[in-house]
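Have the viewer open as you read.

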Amino acid sequence: MAIVLQALPCLARAPLRPLLPGRPMVRLASGMALAEQAQHLFESTVGAVLPGPMLHRALSLDPSSGLLKVRDRSFQLRQNLYLVGFGKAVLGMAAAAEELLGQHLVQGVISVPKGIRAAMERAGKQEMLLKPHSRVQVFEGAEDNLPDRDALRAALAIRQLAEGLTADDLLLVLISGGGSALLPAPIPPVTLEEKQTLTKLLAARGANIQELNTIRKALSQLKGGGLAQAAYPAQVVSLILSDVVGDPVEVIASGPTVASVHNVQDCLHILNHYGLRAALPRSVKTVLARADSDPHGPHTCGHVLNVIIGSNTLALAEAQRQAEALGYRAVVLSAAIQGDVKSVARFYGLLAQVAGAQLTLPGTRASVEEDEQLRELAAELQLPDLQLKEALETVAGARGPVCLLAGGEPTVQLQGSGKGGRNQELALRVGAELGQRPLGSVDVLFLSGGTDGQDGPTEAAGAWVVPELASQAATEGLDVATFLSHNDSHTFFRCFRGGAHLLHTGLTGTNVMDVHFLFLRLR
């Protein structure tokens with residue numbers, strides 16, 4: 001996968017200038033510029049979690065006996081294997097699965113993002129495409145990662161296949177990020193539009209993925225274990241590429257093969273918290289009331305094997321290896337970065353200041369005030385796996401450049417009607433933070449990118465920034481604060497330096513959330 005930096009059209013009148021005018025980019029022994037290294041690292045990270053390699057590590061088939069092994073479990077194949085899937089990485093997963101399983105596969109149905117086949121063809125990624133005369137039927141939908149009528153048709157076709165299975169059959173379920181939008185099948189009388197409106201309102205008010213999925217599952221035929229129930233009594237094997245912090249299988253794609261642990265009271269608590277209970281449509285109230293009085297109680301999924309085959313943690317491990325190969329002391333901070341993007345940006349700004357002080361004068365610390373602020377903010381963010389102490393110790397003991405790595409999925413509370421995504425918004429906010437902090441003689445670069453190659457409803461995967469961002473933008477007539485107030489980060493980066501700070505990968509065919517890189521090195 002090659003990253004292409006494209007100069008995009010912009011209405012800004014100021015002439016475009018070269019990056020960081022007046023001095024050359026910092027170079028390491030490898031001869032690569034710091035920005036080039038950041039992009040190379042992003043490319044390597046995404047490459048480590050492409051669907052084909054992930055799936056082949058999880059599955060193996062003995063052609064002579066027809067025995068399919070999934071980790072430590074084995075299944076006998078005898079013209080009884082079916083496949084369904086949904087998510088941004090599922091096209092490549094299905095192609096790899098069909099290549100491996102061959103004639104054992106009877107039939108399949110997958111739901112993938114609109115335009116993904118054409119995008120993979122244009123990019124020359126033949127390994128991500130199903131072969132001619134494939135037994136897998138492909139539905140494309142969920143444009144801009146929003147459930148639509150095309151995705152609904154796919155979901156109903158998947159349900160129909162699952163409901164036709166018997167106890168002698170094996171259903172292979174492929175799941176990746178974006179699966180929720182690609183598997184919409186609301187419980188009547190709730191309409192797709194009503195469910196979509198409610199989800200949008202929750203997201204706009206800052207609801208996290210866990211809260212969104214709790215509501216989705218309660219209103220869905222297939223989420224929250226619904227697909228597993230439709231397939232019963234067939235055996236179900238679910239292979240999951242995780243796009244959720246902590247890899248909880250009940251949350252990824254809203255857990256279609258995992259029994260839901262949430263009840264109606266959980267839904268009502270969320271709706272109350274975001275002030276939406278009073279505005280619920282009658283249909284939603286009807287479905288929630290019906291679920292509350294279900295005499296059968298919660299369903300179980302004892303006939304299901306759920307296996308995580310790829311995750312953000314795996315991607316960061318590869319990023320650490322690649323960063324060290326480039327000459328950096330690299331440490332993984334967290335694979336669970338979440339919370340409001342403003343707080344996350346402030347955390348990275350403080351981290352750069354505190355770590356930069358240690359890098360400048362080994363064995364010393366930043367001012368007590370900044371150090372305390374960093375630790376307090378880290379505590380507020382409640383990141384369960386945060387390795388802050390270890391990271392700062394690594395910086396203090398470094399004899400050269402440092403790369404701090406993290407991943408996750410911050411949330412953006414929408415205030416304006418601009419165009420952007422959480423990665424571009426985070427990058428822009430970090431750029432503003434860095435510009436306001438004394439960093440001394442340390443070069444700093446921050447990159448945030450989505451591993452799926454699409455950040456929000458834009459064609460960019462993310463962006464990278466340096467401390468000089470705000471001052472350089474001002475010379476082009478661009479005010480960072482104004483763009484942030486309208487959640488218009490993509491427009492900013494498209495205009496700034498002709499779009500040179502945007503990451504353009506195209507759809508990657510995978511999705512394990514976002515990755516964040518913070519580079520620090522002495523001038």
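In what order do the three strands of the open sheet come, and is the pairing parallel or antiparallel? The order is E1-E2-E3, and the pairing is antiparallel. Strands pair here if DSSP finds at least two bridges between them. Helices (H or I, at least four residues) and strands (E, at least two) are DSSP runs, numbered from the N terminus.

A note on the source: this is a predicted model, where local features need pLDDT of at least 70, side-chain atom pairs count only at pLDDT 80 or more, and totals for chains, interfaces and linings use all residues. Residues are numbered from 1 along each chain as its sequence is written, and side-chain values use heavy atoms, with hydrogens and water left out.

E1 and E3 are the edge strands, each pairing on one side only. E1 and E2 are joined by four bridges, and Leu 59 sits opposite Val 70 in E2. Helix H2 packs on the sheet, touching E1 and E2; contact means heavy atoms within 4.5 Å. The direction of H2 makes about 55° with that of E1. Axes are lines fitted to C-alpha atoms, for helices over the stretch in contact, and angles run from 0 to 180 degrees between N-to-C directions.

| E1 | 59-62 |
| E2 | 67-70 |
| E3 | 73-76 |

**The helix pair**

Helix H6 (residues 192-204) and helix H7 (residues 209-218) pack at about 165°, their axes 10 Å apart. H6 and H7 are therefore roughly antiparallel (angles over 145 degrees count as such). Among the residues making the contact are Leu 198 and Leu 202 of H6 and Ile 215 of H7.

Terms used: Angles under 35 degrees count as roughly parallel, over 145 as roughly antiparallel, 65 to 115 as roughly perpendicular and the rest as oblique.
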